[in-house]
Amino acid sequence: MTPDSPEAGDAWLEVRVAVPQAWTETVATVLTETTGTGSVIGPVAEDRDTAPDGTEWVRTYVAPGAEAASACERVTRRLEDLVAAAEDSELAVLHPAMRRLDDSEWVDYWKRFWRPFRVRRVAIVTPEQRPTVALRDDDVVLLLEPGRAFGTGRHATTRTCLLALQDRLQPNDRVLDCGSGSGVLSVAAAKLGARSCFGFDIESYAITVAEPLARANGVDDRCRFVTAGFDDVGAILDDGDATTEFDVVLANIFWDVLEAHATDIAKRVADDGWYAVSGCPKTHIDRVERALLDAGLSIETLDVRGNWATFLGRRER
Amino acid sequence: MAKEVKAKIKLQVPGGQATPAPPVGPALGQHGVNIGDFVRRFNDETKQAQGLTIPVIITVYSDRSFDYICKSPPAAVLLKKAAGVAKGSPEPNLEKVGKVTKDQVREIAETKMADLNARDVDQAMRIIEGTARSSGIIVEG
């Protein structure tokens with residue numbers, strides 16, 4: 001069993017194999033556990049051929065990087081082991097075919113379906129769409145290159161934060177963006193007049209998306225992004241024992257992180273500042289509410305949209 | 001009126017670790033689904049099963065909205081649980097990491113019959129046994 005040799009490089013690799021129907025789930029699990037990325041059972045849009053009779057395509061993907069070649073070898077070996085161990089005449093051979101995946105096969109999908117939209121005064125458009133979108137004088141245009149990024153502004157939790165910024169942000173406010181992801185909230189805050197925005201995210205990919213977003217929108221001089229979590233961001237933000245506070249603290253993250261770090265959020269809110277805590281599913285409102293109150297935060301508004309809730313308030317003194 | 005189903009997508013993704021990268025990105029992106037929304041919901045729902053392989057079926061409707069359901073864990077995961085081992089053997093032919101009984105294999109086969117598309121319990125059991133051997137798990141009895 002020799003896989004077609006993929007070109008080495010910086011692209012994702014697709015591994016596709018035709019699998020007898022009854023074995024698809026097992027092969028998908030083997031592939032998922034070998035590459036760590038996941039697997040897909042069934043056809044995808046790029047398939048130019050159908051799987052042979054009685055089989056289905058199962059595919060996994062290998063991330064670009066130094067480990068790619070050894071990951072491909074592991075996939076081949078694990079499939080050989082499975083065939084040998086199966087002792088099932090239906091599973092006589094598994095022949096994985098590997099090929100480079102072009103960005104056009106996934107990153108660019110977004111562009112095909114992407115439509116400009118607005119959250120009140122904030123109009124979110126791609127650079128190509130900008131000339132075609134009718135804008136009002138007081139619109140704040142946020143140029144976004146949709147692609148690998150999270151936080152494109154469309155999600156209910158991001159929308160409520162964007163509305164809160166438009167309602168409450170004062171010129172020259174200093175903004176802290178906890179779990180900044182794509183940087184969309186920081187960049188929007190800067191464009192709405194914030195003096196400075198500091199975003200941190202535990203995911204290292206986030207900064208590679210957020211910094212170009214700030215540059216594309218001409219606010220990179222007022223936005224700073226770092227890779228850090230609640231536990232180590234203090235070393236960057238604080239000078240000795242003094243806790244740096246902010247006029248606006250945004251946290252659009254998972255509910256259990258909100259619950260665990262409510263006090264870390266609270267201590268960053270300045271005396272006359274405010275916070276927006278978003279990303280809480282409707283089902284966990286009680287838990288997050290309790291954590292925020294226990295941390296000494298008041299809740300002025302609870303905004304529930306669809307399945308998601310956003311808390312707005314201040315720090316109790 | 002029920003919405004028209006445009007596609008059903010079958011994925012396996014590590015719990016709590018879906019990203020917009022492949023396989024989720026290409027699989028959902030081809031149908032114009034809001035990838036970020038799926039990633040967020042899935043990771044939130046599967047946080048407790050961090051890193052554990054989770055089969056998920058996503059139904060995409062003609063208006064590009066979607067629903068999804070997480071299925072029972074794959075046979076390989078159930079086998080490891082039954083054998084009380086954290087992971088399969090790196091050298092399944094040489095190094096055995098655990099044991100399961102024939103009854104445990106039958107139980108898993110019955111649980112997974114529908115997901116495996118097996119013709120009958122015997123075929124499902126053969127698949128489960130093969131999966132066990134390929135993970136370095138011995139089937140006793």
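**View 1. A:Thr29 in helix 1 of chain A.** A:Thr29 sits in helix 1, residues 24-35 of chain A. Helices (H or I, at least four residues) and strands (E, at least two) are DSSP runs numbered from the N terminus. This is a predicted model: local features need pLDDT of at least 70, side-chain atom pairs count only at pLDDT 80 or more, and totals for chains, interfaces and linings use all residues. Residues are numbered from 1 along each chain as its sequence is written, chains are lettered from A in the order in which they are written, and side-chain values use heavy atoms, without hydrogens or water.

**View 2. Burial of A:Thr29.** A:Thr29 counts as buried because its relative accessibility is 1%. Buried means under 20% relative accessible area, exposed over 50%, partly exposed in between (1.4 Å probe, protein chains only).

**View 3. Polar atoms around the A:Thr29 side chain.** A polar atom of this side chain lies 2.9 Å from the backbone oxygen of A:Glu25.

**View 4. Chain B residues touching A:Thr29.** Leaving out residues up to four places away in sequence, A:Thr29 touches B:Gln12, B:Thr53, B:Pro74 and B:Ala76. Contact means heavy atoms within 4.5 Å.

**View 5. Chain B.** Chain B has five helices and five strands. Their pattern along the sequence is β-α-α-β-β-α-β-α-α-β. Of its 141 residues, 55% are buried.

Definitions and conventions
Polar contact = N/O pair within 3.5 Å; in protein donor to acceptor, adjacent residues only side chain to side chain.
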